[in-house]
Amino acid sequence: MGKLELTDKEAALQTTRRGYLTQLTPARRGFITNYPNIQHWKKSTGEDVLMPQPLNVYVHIPFCAQQCSYCYYKTIQGSRKSEVDQYVDTLCREIELATRHFHLDERPVRSIYFGGGTPTLLSESNMKQIVECVRNNFQINDDAEFTVEAEPVTLTQKKADMLRELKVNRISLGVQSLCDDIIKLSNRKDTEEKVIKAIEMAQSTGASVNIDLMSGLAGETPETWAYSVRKAIESQVESITVYKTELFANTEYFKEIRNDKLVLPNDEQELEFMQYAMDKFAEANYLPWSFFTFTKDGKNPHVHAPSIWRGEDYYPFGTSAFGRVGNWLFQNTSDVPKYTAQIEAGKLAISRGHSLSALDLMVREVVLGMKLMNYKVSQFEERFGFDLEKICAPSIEHLLKEDYITLSNGEIALTQKGILHGDYAGKSLGQHLLNLF
Ligand code: SF4
C-alpha cells in the first residue's frame, strides 16, 4: 500500500486556494471535504448569513384609461367596478399566500413599487385595501421607498392627498411629452395643461416627483422635443427619466407605420434628441445617476430599480408581474381569469420561470450593473472569482478606444458617449462573457 501523505510540494500548494485541488501524480489520496478549504474562509460570526436579505416589492395594476399607441403592455381598459374590486381582492390574497410560502414577512422591505398599467386609476378604497395588506404582511423599513406610478389624466387633488396619507414618498408620472400634438398622436388623454396640473398636485404631497419623457415618439421634431424638455425642467421635479421609444409588433404604432400613416424619428434623430436633453439637463444641473435618469444635482437616486440591478430580490404581485427570489426568475400569468382562479384555489399564479445559471448571473451583473454608470471590477471578482478586466480585455479595450467608457482605480465608468448609447457598454461586456463560456 502506497504512502498516503502528500509530497512537500503538494502540501505547499494546498496552502493556497488555487492549489487546494492540485495533485501532482494520480493517486487515491488528498480526500476533499470542502471547497474552498476551510483555512481560506473569512472570520465571521455568521451574522452576514443569518441577516434576512432585503426585499423589494412590486405590485402590478393592469388597468389603464386608454391603450397608448406605443405601449406593448397587456393592459385593460374600461373595466367595471366589480372587476377591479375582484382584482384587488385577488391581489391581497396573493400577497398573503406568497408571503407565507416564501417566508417573505421575515425580510426587511427596502422598496415598494406600484406600477402598471395605471395605479392611480384605482379608487381610494381599492388603493387603501392594497396598501393596508402590504403593510400588514411585510416588515417595511422606516426609510423604505414607496413609489406609485401615475398617469397625469388620472391624478386629482383628492387622489394626491390620498397618496400623501398612505405615505407614498415617490410619485412617478408617465408624462412622455408636453406637446399636445405629440400626446394626441400617442392616443393619450393628457394635455399639456393637465400634465402641468398633475405635476403640481404630485408636488403638493411632499413626495419626490419623477416624470418620464419618451424620446422618439411619432411626430416628434427638434422643436416639439425642445419644448417638452424645457417644460420638464421648468416644472422643477426632483427627477426626469428619458425612455427611448421602441417599436413592438403588438402596438398601434406598428400597425400605423406599416400602413404608412405614421413615421417615427430614426435612430440618429432619436440620438440627437437624447443628446439635446442631456445638454439642457446639465445646464439646469439635472445630472444622471443612471444612463436614463437625471436628478437635481445628480442626488437622491431612486431605490427600487437600482436595488434590482444590484441583484436584490423583488417579489412580483399581480397579473403579468415578474420578479426574482434567489436565483429564480419568474412571472405571473397575464390572463386575469386564470390568475384569479389560481389564487382563489390557494395556489400561486406563476406561469413561467428561469433558474439563473452561473453564466446568467455574470451577464446580468454587468448588463444591469452598468445601468448605474459605474462598476467596480473588484465586485465581479468577489462574486464570481474572475478578474473582469482580464476575461473581458478585448471588449473593454474596444469600449475604451471608442470612448464609451473610462477605466481607472478599478472602476469602469460610462463616458458622455456611453450614457448617450444606453445599454451598449453593458451589452458588449455581457456578450463577451457569453462568447467566452
Ligand atoms: S398608460 Fe402607461 S401602461 Fe397604460 S397603455 Fe399607456 S403607456 Fe401603457
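Trainee: Which residues form a nonpolar patch on the surface?

Mentor: In general, a patch gathers residues with over 30% relative accessible area and no salt bridge, joining like charges within 9 Å and nonpolar side chains (Val, Leu, Ile, Met, Phe, Trp, Tyr) within 5 Å. Here L21, I32 and Y35 make up such a nonpolar patch, and together they have about 300 Å² of accessible area. Accessible areas come from the Shrake-Rupley method with a 1.4 Å probe, and for residues only the protein chains shown count as cover. Please keep in mind that this is a predicted model, where local features need pLDDT of at least 70, side-chain atom pairs count only at pLDDT 80 or more, and totals for chains, interfaces and linings use all residues. Residues are numbered from 1 along each chain as its sequence is written, and side-chain values use heavy atoms, with hydrogens and water left out.

Trainee: Where is Y35 found?

Mentor: Helices (H or I, at least four residues) and strands (E, at least two) are DSSP runs, numbered from the N terminus. Y35 sits in the loop between α1 (8-14) and α2 (47-50). With a relative accessible area of 44%, Y35 is partly exposed; buried means under 20%, exposed over 50%, and partly exposed lies in between (1.4 Å probe, protein chains only).

Trainee: Now the salt bridges, please. How many does the structure hold?

Mentor: A salt bridge is a side-chain nitrogen of Lys or Arg within 4 Å of a carboxyl oxygen of Asp or Glu. This structure holds 20 salt bridges. One of them joins the side chains of K158 and E124, at 3.7 Å from N to O. That pair links distant parts of the chain, with K158 in helix α5 (residues 157-165) and E124 in helix α4 (residues 124-137), 34 residues apart.

Trainee: Are K158 and E124 buried or exposed, or partly exposed?

Mentor: K158 is exposed at a relative accessible area of 61%, while E124 is partly exposed at 27%. Both belong to a network of salt bridges that links E124, K128, K158 and E165.

Trainee: What separates E252 and K255 in helix α9?

Mentor: About one helical turn, because E252 and K255 are three residues apart in helix α9 (residues 252-258). Their salt bridge has its closest N and O atoms 3.3 Å apart. E252 is partly exposed, at 35% relative accessibility, and K255 is partly exposed too, at 43%.

Trainee: Which residue forms a salt bridge with R383?

Mentor: E365 does, and the closest N and O atoms are 2.8 Å apart. R383 lies in helix α14 (residues 377-384) and E365 in helix α13 (residues 358-369), 18 residues apart. R383 is partly exposed at 43%, whereas E365 is buried at 8%.

Trainee: How many aromatic pairs are there?

Mentor: Rings of Phe, Tyr and Trp (its six-membered ring) pair if their centres lie within 6.5 Å; planes under 30 degrees apart count as stacked, over 60 as edge-to-face and the rest as tilted. There are 23 aromatic pairs in the structure. Among them is the tilted pair of W225 and F273, 5.9 Å centre to centre with 35° between the planes. W225 lies in helix α8 (residues 222-234) and F273 in helix α10 (residues 267-283), so the pair ties together parts 48 residues apart in sequence. W225 is buried at 1%, and F273 is buried at 6%.
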